[in-house]
Amino acid sequence: MQVPAHVAIIMDGNGRWAKSKGLPRTAGHVKGAANIYDMLHVADAMGIKYMTVYAFSTENWKRSQDEVMALMNLFRQYFKKSFEESKKNNVRIRVIGDKTALPDDLRDLIDEMEEFSKDFTGMQVQIALNYGSRDELRRAVTKIASEVKEGKLNPEDITEELISSHLDTAGIPDPDLLIRTSGEQRLSNYLLWQLAYTEFYYTDTHWPAFDKAELEKAIEWYNTRDRRYGNAKE
Ligand code: IPE
Ligand code: IPE
Ligand code: MG
């Protein structure tokens, strides 16, 4: 079986999972956050090199203040734990998205954690936090425009590669497989540029219940696809 080099996941359905168990939505987020570690270990053991997971979108600020606050607290806890986890497993962790809009202490924690894990050579994990693909493209266009204005770049130099290199995912190969849990089949502003040639897999399982067997099912499905382009398979 061929294992995709890069798997992107839209971790959806925390709220519905909690509701199905008669629990508050935040209990779904707690279980969902814990599941990220479990699934990273599973993916690592399977030989997946890159994982990019959607944790909080630019649109998610519109949720209730209580829910947003609970999520920010969960991210704080998550990143505090990530130092030990990344060291133990040789995992590099990066955040994609606009970090400037995050609470100061959370942003500092993320900066520290990215610096701490930057030389780890095992699995490469990207956590999309305050991420929106249109916002990412807007920020990239702003950077490119400034470079042109400063005379560092000519308009003719703007190639696809140059655009890619100005995105938050610079240097990371495009995903081979996208998984969205919990039944929805929309992109919700995720990796619009990077998913140009990615296979899309959907499952009704809610993210907190997504496990090893589910990931194996997705990869088996991926193996039934006839791919001409994309990253080289192993
Ligand atoms: C995904 O679960 C987690 C985040 C968006 C933070 P949801 O919170 O979207 O759960 P549902 O879709 O309401 O069930
Ligand atoms: C997408 O899920 C964002 C994350 C998983 C973090 P949402 O639940 O926020 O997306 P919509 O609202 O269904 O499009
Ligand atoms: Mg949702």
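Buried here means under 20% relative accessible area, exposed means over 50%, and partly exposed is in between (1.4 Å probe, protein chains only). This is a predicted model, in which local features need pLDDT of at least 70, side-chain atom pairs count only at pLDDT 80 or more, and totals for chains, interfaces and linings use all residues. Residues are numbered from 1 along each chain as its sequence is written, and side-chain values use heavy atoms, with hydrogens and water left out.

**View 1. Y50, a buried residue in strand β2.**
With 17% relative accessibility, Y50 falls on the buried side of the cut-off. Its strand, β2, covers residues 50-57; strands are DSSP runs (E, at least two residues) and helices are too (H or I, at least four), numbered from the N terminus. Setting aside neighbours within four places in sequence, Y50 is in contact (heavy atoms within 4.5 Å) with A5, H6, V7, Q124, Q126, I172 and P173. For scale, R92 is 42 residues away along the chain, and the two C-alpha atoms are separated by 9.7 Å.

**View 2. L129 and N130, side by side in strand β4.**
Strand β4 runs over residues 124-131. L129 is buried, with a relative accessible area of 0%, and N130 is buried as well, at 5%. Once residues up to four places away in sequence are left out, L129 touches F56, F75, F79, V95, I96, G97, D98, L102 and I110. On the same terms, N130 meets F56, S57, T58, W61, G97, D98, A101 and L102.

Most residues other than glycine have a negative phi. N189 is found in the loop between β5 and β6, and counts as buried at 14% relative accessibility.

Buried residues of α2 include G28, H29, G32, A33, N35, I36, Y37, M39 and L40. Just after the helix, G47 takes a positive phi of about 95°.

**View 3. The buried side of helix α7.**
α7 takes in residues 212-223, and its twelve residues reach 17 Å from first C-alpha to last, close to the 16 Å expected. Which residues of α7 are buried? They are E214, L215, A218, I219 and Y222. These cover an arc of only 135° around the axis, so they sit on the same side of α7; the arc is that of the directions from the helix axis to the C-beta atoms. An α-helix has 3.6 residues a turn, so residues three or four places apart point the same way. The buried residues of α7 pack against α2 (25-46), β5 (177-180) and β6 (199-202).

**View 4. The largest cavity and the largest pocket.**
On a 1 Å grid over the protein atoms alone, a cavity is a set of points where a 1.4 Å probe fits but cannot get out, while a pocket is an open set with protein on both sides within 12 Å along at least five of seven lines; lining residues have an atom within 4 Å of a point. Grid points are joined across faces, edges and corners, and a volume is the space filled by probe spheres set on the points. There is one cavity of 30 Å³ or more. The largest cavity has a volume of about 60 Å³, and its lining is Y37, L40, H41, E85, S86, N89, V91 and I93. Helices α2 and α3 (65-89) each supply at least two of its lining residues. The largest pocket holds about 650 Å³ of space. It is lined by 33 residues, with M11, D12, A55, N60 and R63 nearest its centre. Contributing at least two lining residues each are α1 (14-20), α2, β2 and α3.

Methods. Chains lettered and ligands numbered in written order. Expected span 1.5 Å × (residues − 1).
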